[in-house]
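Here's a quick tour of some charged side chains and the partners they pair up with. Have the sequence and the 3D view open while you read.

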Amino acid sequence: MKSYDIVIVGGGPAGLAAAVAAKKAGNDSILILERDHELGGILNQCIHNGFGLHTFKEELTGPEYASRFIDQVKELQIDYKLNTMVMDIAADKTVTAMNREDGMFQIPAKAVILAMGCRERPRGALNIPGYRPAGIYSAGTAQRLVNIEGFMPGKEIVILGSGDIGLIMARRMTFEGAKVQCVAELMPYSGGLKRNIVQCLDDYGIPLLLSHTVVDIKGKERVEGVTIAEVDERSKPVPGTEKFYSCDTLMLSTGLIPENELSRSAGVDMNPVTNGPFVNESFETSIEGVFACGNVLHVHDLVDYVSEEAAKAGEHAAAYVKAGREAASAEEIRVKATGGARYTVPTTVSLDRLGDLLTVRFRVGAVYKDAFVSVYLDGERVTHQKKRIIAPGEMEQVILKKEQLTAHTGLKEITVTVETE
Amino acid sequence: MEKRELTCIGCPMGCLVTVEMENGEILNVTGNTCKIGDTYARKEVTNPTRIVTSTVMIEGSDFTRLPVKTASDIPKSSIFAVMEVINHAHAKAPVKIGDVVIKDVAGTGVDVVATRNIA
Ligand SMILES: Cc1cc2nc3c(=O)[nH]c(=O)nc-3n(C[C@H](O)[C@H](O)[C@H](O)COP(=O)(O)OP(=O)(O)OC[C@H]3O[C@@H](n4cnc5c(N)ncnc54)[C@H](O)[C@@H]3O)c2cc1C
Ligand code: SF4
């Protein structure tokens, strides 16, 4: 098998944007490996609009957004292989993959970009003893069935979990003539975007039951209904609050987790908070020359941010192939999340490689009103930005100028935190 | 006097905006934190519109469904009439993004167009 400078694992928006950027940065030896039969990743089933507001200043549907990048990959004559599953990435960056035509094959690469996206939390998330009758779907599976195969999973629906996929599916099923009884959410807040709550639930009078969960499923062969109860602060059902909802379908929208089996077996250091790799300012993991971007790094709600990060990963991969790694002139700066901020991407910064700006993205663990996002450089506060609301469902970011960092001689630690005053 | 309550979608704040109306005239908008909420609420109570996305059957390809959308926003009250027409429409491969699948859907004056390329 031919060798490549840069092998990209996954042909979703992250893999595509990384490939385009690496090519534009001057690398001519790039290969994308995608296990599906087409490029575009999860966007192919996200037929709703609302993609690309930041990047293209128009509201595109998922397939339209994907096609803008697929077209570029084709125009730039970047190689890709479909129906190809990557099985292993070795520490020396040999990629092992498999498909029908070539069987099992190995590609030696100089840099690897991880862009495998994420998958839905397994069904086990539904913590109910007893039968598992037919009619229980994860929201993402239901989305694929309806939007790609044209198959309606049911007529009367209850959705557990208020992540974006569940919200989008509530509207989609309503459009297709189904009755969505309610969306139940265990937490006292929704994990989805406000826009989706209004346009997918409120528009159609679908109730959102916060601090509620499914405690019982009725039906042996097929779901006939579910019992939903309120939960207390410790997520325990409150006796006496049970209510029965008739339905033939229960959809689970209980969140996404990065798909990192490959990264783990390659020996990449993982962040237990995001379930994604730790990366530096160049989106490089703990293994030199192995980069990560998109949902495999941390779960995104906006594809624009995915494309932006991935483009940087692509540029840095191309630069790495060209120049290799020079010894750093100074120690790496650590980036830390505290006081409400749950994690940051990146977690380390090398001033040698940093461009003009450092974008730090993070999420919070609870809803904050009238709070401040603050950044400290070794204990000195340099950012104190007032926000009317900060919610777990929306990714936050702070942008620092390189001069700010270099001006602070001997800088060791950047801290991102949420403060109430 | 009629009161309508809406959630502004301008930003994650999600202000609860109250619009007071009489005989279709807006008297007062309250609860919004900024101008965006005012503009949004006025449009929502007088002329709410949405883009509708769905799929239609497609023949002559390995794919069974072609994703489509209304080329621009349509009145919210026409959504289900539009869906009814979309549910009975067919397309034939090959199709390109932007190709018109249904002209002037349900009398809205808006076309339904393809949102992916299918060879
Ligand atoms: C239901 C839903 C609704 C959304 N709505 C919006 C929205 O309205 N607006 C918005 O901006 N964003 C939205 N998003 C977010 C956005 O779509 C995602 O953040 C984005 O698609 C992530 O891109 P990715 O390339 O990281 O992952 P993916 O799109 O998941 O792509 C990963 C690719 O890697 C491939 N792959 C994985 N493992 C392997 C392997 N071992 N070998 C080969 N290939 C592999 C997969 O097949 C897949 O094609 C939504 C997401 C979902 C799920
Ligand atoms: S009114 Fe302004 S602050 Fe309130 S949700 Fe709308 S855009 Fe945000």
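**Salt bridges at a glance**

E309(A) counts as buried, because its relative accessibility is 3% and the cut-off for buried is under 20%. Keep in mind that this is a predicted model. Over all chains, the salt bridge count comes to 28.

**E309(A) and its partner**
- You'll find E309(A) in helix α8 of chain A, which covers residues 303-323.
- Leaving out residues up to four places away in sequence, E309(A) touches F283(A), C293(A), G294(A), L297(A), H298(A), H300(A) and R361(A).
- With R361(A), the E309(A) side chain makes a salt bridge, at 3.5 Å from N to O.
- R361(A) sits in strand β25 (residues 357-364) of chain A and E309(A) in helix α8, so this pair ties together parts 52 residues apart in sequence.
- R361(A) is buried too, at 3% relative accessibility.

- E259(A) and R35(A) join their side chains in a salt bridge of 3.2 Å, N to O.
- That pair links distant parts of the chain, 224 residues apart: E259(A) is in the loop between β18 and α7, and R35(A) is in the loop between β2 and β3.
- E259(A) is buried at 15%, while R35(A) is partly exposed at 47%.
- E261(A) and R119(A) also form a salt bridge, at 2.7 Å from N to O.
- Here helix α7 holds E261(A) and strand β9 holds R119(A), so parts 142 residues apart in sequence get tied together.
- E261(A) is partly exposed at 41%, and R119(A) is partly exposed at 30%.

**A network**
- Salt bridges link D203(A), E44(B), R50(B) and K76(B) into a network.

Conventions. Residues are numbered from 1 along each chain as its sequence is written. Chains are lettered from A and ligands numbered from 1 in the order in which they are written. This is a predicted model: local features need pLDDT of at least 70, side-chain atom pairs count only at pLDDT 80 or more; totals for chains, interfaces and linings use all residues. Side-chain values use heavy atoms; hydrogens and water are left out. Helices (H or I, at least four residues) and strands (E, at least two) are DSSP runs, numbered from the N terminus. Buried means under 20% relative accessible area, exposed over 50%, partly exposed in between (1.4 Å probe, protein chains only). Contact means heavy atoms within 4.5 Å. A salt bridge is a side-chain nitrogen of Lys or Arg within 4 Å of a carboxyl oxygen of Asp or Glu.
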